[in-house]
Amino acid sequence: MELAPGFVKLQTLKKKKKQSGQVLVMRLSSMGDVVMATAALAPLKAAGLKISFVTKRAFAPLLLGHPDLHYVYVFDKKEGEAAAREQFFQWYQSQQFDFVLDLQDSWRTWSWRGRLRRHARVVVARKERLREWLILFGRLGRWFGFGRGGRARKFRRAAEDLLSAAGKFPVVSGPLTSLAVTEAEKQSVKGLIPQGEFAAFLPGSAWKGKEWPYFPELAGVVARKVPIVALGAEKDLACDEIALQGRAIGSVSLRGRTNLRQSMAVVAQAKWVIGNDTGMLHVAEALGRDVAMLEGPTHSYLGFSPYRPRSLLLGLDLFCRPCSKSGRFCPRFGKRKCMAGLSVQAVTEKLRAWGLPC
């Protein structure tokens, strides 16, 4: 093929893009996944990169004050998907990123990649759908499972792959995930919580099938010795039942009374945090708290379980586990034995051995 006149000369004289030292991390949803995405930040920061993070408005408060982040871009669809996308790209092009780390790998970020690649190198943490199929439907989690904290470790490996491709090999240590709350935020919720040591109960979930039904009964045992703070959304009526069990020693329900940052400030001061497989439990771990997670339809094979060495995982050894990420459909004709069969006595014994007075 004959080249157009001047083509070779233009290619030779084309200037190489000057490196800005900036990287964009993308994880739009959901709460637990955004928290686990913070596992990617430490190696990027150790490599000397300036990190920006894009997420949806509902989850942006999670990242306020994070010491590794330079900027958090809020993806807001209030004016529609197309308008939000164009606003994002206007900002993106103005920043001159060297790298983009896509930890979402959704249809939305897939559609963005063509334009993203015009300005930066894009690395994607691919969804492992075949692996999930083998775990959920092939019942091969023993061999193909992600393990405790597996999703967060996957995000960290994606960051390390990006850096190794760029010839950077930083060594990092410390917690896998991380978030931050200030002392001022902790002080602002002091009037809502008991003085001294307390346990935080998180009885709700975005999915009803992941909710353990016996939190009020467990509170009746725990609240004999330890006050409880029950945290949840307005719909989580179990919070009020939990608080009733220990009102005499200062237990309280904060159902619908705290925003996300206030909830973070509460769990950051709890001695013990007990809850379902939910985003706020991952928040607690990222704030340095050991947690006890009650798992039913999910399992450590799926990689969403706690990762801290002293965090506790509670669940029944059933062949049907895990059945899904959400517990929307129960293969036992709706009986949900994974949750209904997990007794208060069994949970109490595990929590007592864990160090919770009960």
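A pocket is an open set of grid points, where a 1.4 Å probe fits, with protein on both sides within 12 Å along at least five of seven lines. In this predicted model, the largest pocket has a volume of about 1100 Å³.

**Lining of the largest pocket**

- A total of 43 residues line the largest pocket.
- Nearest to the centre of the largest pocket lie Ser 30, Met 31, Gly 32, Thr 278 and Gly 279.
- Sorted by class, the lining holds 17 polar, 13 nonpolar and 13 charged residues.

**Helices that supply the lining**

- At least two residues of the lining come from each of helix H2 (31–37), helix H6 (129–136), helix H8 (150–165), helix H12 (260–267) and helix H13 (279–286).
- The biggest contribution to the lining is that of H2, which gives 4 residues.

**Helices H10 and H15**

- Helix H10 covers residues 215–222 and helix H15 covers residues 344–354.
- The axes of H10 and H15 come within 10 Å and cross at roughly 45°.
- This angle is why H10 counts as oblique to H15, since angles under 35 degrees count as roughly parallel and those from 65 to 115 as roughly perpendicular.
- The crossing of H10 and H15 is right-handed.
- On the H10 side, the contact is made by Glu 217, Leu 218 and Val 221.
- On the H15 side, the contact is made by Val 344, Val 347, Thr 348 and Leu 351.
- By class, the contact of H10 with H15 has 5 nonpolar residues, 1 polar and 1 charged.

Methods. Residues numbered from 1 in each chain as written. Predicted model: local features only at pLDDT ≥ 70, side-chain atom pairs only at ≥ 80, totals over all residues. Heavy atoms only, no water. 1 Å grid on protein atoms, 1.4 Å probe; cavity = no way out; pocket = protein on both sides within 12 Å on 5 of 7 lines; lining within 4 Å. Points joined across faces, edges and corners; volume = space filled by probe spheres on them. Nonpolar A, V, L, I, M, F, W, Y, C, P; charged D, E, K, R; others polar. Axes fitted to C-alpha atoms, helices over the stretch in contact; angles between N-to-C directions. Parallel < 35°, antiparallel > 145°, perpendicular 65-115°, else oblique. Left-handed = near helix turned anticlockwise from the far one by under 90°. Contact = heavy atoms within 4.5 Å.
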